[in-house]
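Q: Could we go through this model together? I should like to start with the charged side chains and then turn to a helix.

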Amino acid sequence: IQQRIGMRHGFAFDMQAVCSGFVYALTTADLYIRGGLARRVLVIGSETFSRILDWSDRSTCVLFGDGAGAVVLEAGEGQGTTADRGILASSLRSDGVHKQKLFVDGGPSTTGKVGVLRMEGREVFKHAVGMITDVIETTFSQAGIDAQDIDWFVPHQANKRIIDASARKLGIAEEKVVITVDLHGNTSAASVPLALSVAVADGRIKKGDLVLLEAMGGGFTWGAVILRW
C-alpha cells in the first residue's frame with residue numbers, strides 16, 4: 001500500500017489482533033501521534049476471510065465476509081477536554097486462555113499451512129457481552145463520560161444479538177447503534193471502519209459527534225475507543 005500510494009517517507013507495518021485489529025491499530029496510531037513519532041497516520045482494517053473458511057462448516061462459513069476500510073488520523077491542537085476532536089480514550093485487553101473458542105487451526109508458525117477458522121459460537125457469546133461492556137466502561141471512566149453522552153455506538157459487526165445485549169447493558173439507546181452486519185457479514189478487522197463509512201456517508205455521524213467504537217475477536221482480544229468525529 002505504501003508503494004502504491006507513492007509514499008516514500010515515514011514507515012508502514014502490519015498488526016494482527018483479528019476482529020479487534022482496527023481498534024488496536026487506531027490506539028497504536030494515536031499513541032504514535034501523541035508521542036511525536038508521527039504526524040499523520042493511515043489506519044486500515046482489511047480481511048479476506050474467504051481464504052480461511054471451511055466451506056463445509058455452516059456454523060462459520062455463512063457468517064464471515066471480506067472487506068476493508070480506513071481512516072486518517074492527524075495531529076492537532078486541543079484543550080485536553082472531551083470537547084477536543086480526535087481520540088479521547090481507549091482501552092485494550094486480551095486473554096489467551098480463550099484461544100480454543102475462536103482461532104485458525106494453522107499458520108506458518110504452527111502447521112505450516114494456512115488452516116481454517118474454528119469457532120465455538122455459544123462460548124464466544126457467553127463471554128462477549130461481559131468483556132465488551134467491561135472494557136467500554138473502563139474507557140468511559142478514562143474519558144470522564146457515560147453512555148448518555150455518546151452520540152453513536154459503532155460496534156464490531158459480529159452478531160446482532162451480542163450488539164443488542166451490549167447496548168442494553170450499557171444503557172445506549174437502540175437508535176444510536178450503527179448496524180451493518182446485515183450488509184457485510186462479519187468482516188473482522190474491517191467491520192468497524194466499514195460501519196463508520198456507512199454511517200458517515202448516510203449523514204448519521206457528523207463533525208463533532210461523540211462516537212464509541214468497540215471490537216472483540218479471536219484469542220480473545222477486545223478493546224474500545226471513544227473519539228470526537
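Predicted model: local features only at pLDDT ≥ 70, side-chain atom pairs only at ≥ 80, totals over all residues.

Q: Which side chain does aspartate 105 meet in a salt bridge?
A: Aspartate 105 pairs with arginine 118, at 3.1 Å from N to O. The two belong to distant parts of the chain, 13 residues apart: aspartate 105 is in the loop between strand S4 (102–104) and S5, and arginine 118 is in strand S5.

Q: What else forms a salt bridge with arginine 118?
A: Aspartate 54 does, with the closest N and O atoms 3.3 Å apart. This pair also links distant parts of the chain, since aspartate 54 lies in the loop between S1 and S2, 64 residues from arginine 118 in strand S5 (residues 117–119).

Q: Is aspartate 54 buried or exposed?
A: Aspartate 54 has 19% relative accessibility and counts as buried, because the cut-off for buried is under 20%. Arginine 118 is partly exposed at 29%, and aspartate 105 is partly exposed at 31%.

Q: How many salt bridges does the structure hold?
A: The structure holds 8. One of them joins aspartate 164 to lysine 160, with the closest N and O atoms 2.8 Å apart.

Q: Where do aspartate 164 and lysine 160 lie?
A: Both are in helix H3 (residues 160–170), 4 residues apart, which is about one turn of the helix. Aspartate 164 is partly exposed, with a relative accessible area of 22%, and lysine 160 is partly exposed at 40%.

Q: Turning to H1, how far apart are its end C-alpha atoms?
A: They are 20 Å apart.

Q: How many residues of H1 are buried?
A: In H1, 10 of the 14 residues are buried, so the helix is largely enclosed by the rest of the structure. Among the buried residues are Phe22, Tyr24, Leu26, Asp30 and Ile33.

Q: What covers the buried residues of H1?
A: The cover includes strands S1 (40–48), S2 (66–74) and S3 (86–94), together with helix H5 (191–201) and strands S7 (210–217) and S8 (221–228).

Terms used
Residues numbered from 1 in each chain as written. Heavy atoms only, no water. Expected span 1.5 Å × (residues − 1). Buried < 20%, exposed > 50% of the residue type's maximum accessible area, 1.4 Å probe, protein only. Contact = heavy atoms within 4.5 Å. Salt bridge = Lys/Arg side-chain N within 4 Å of Asp/Glu carboxyl O.
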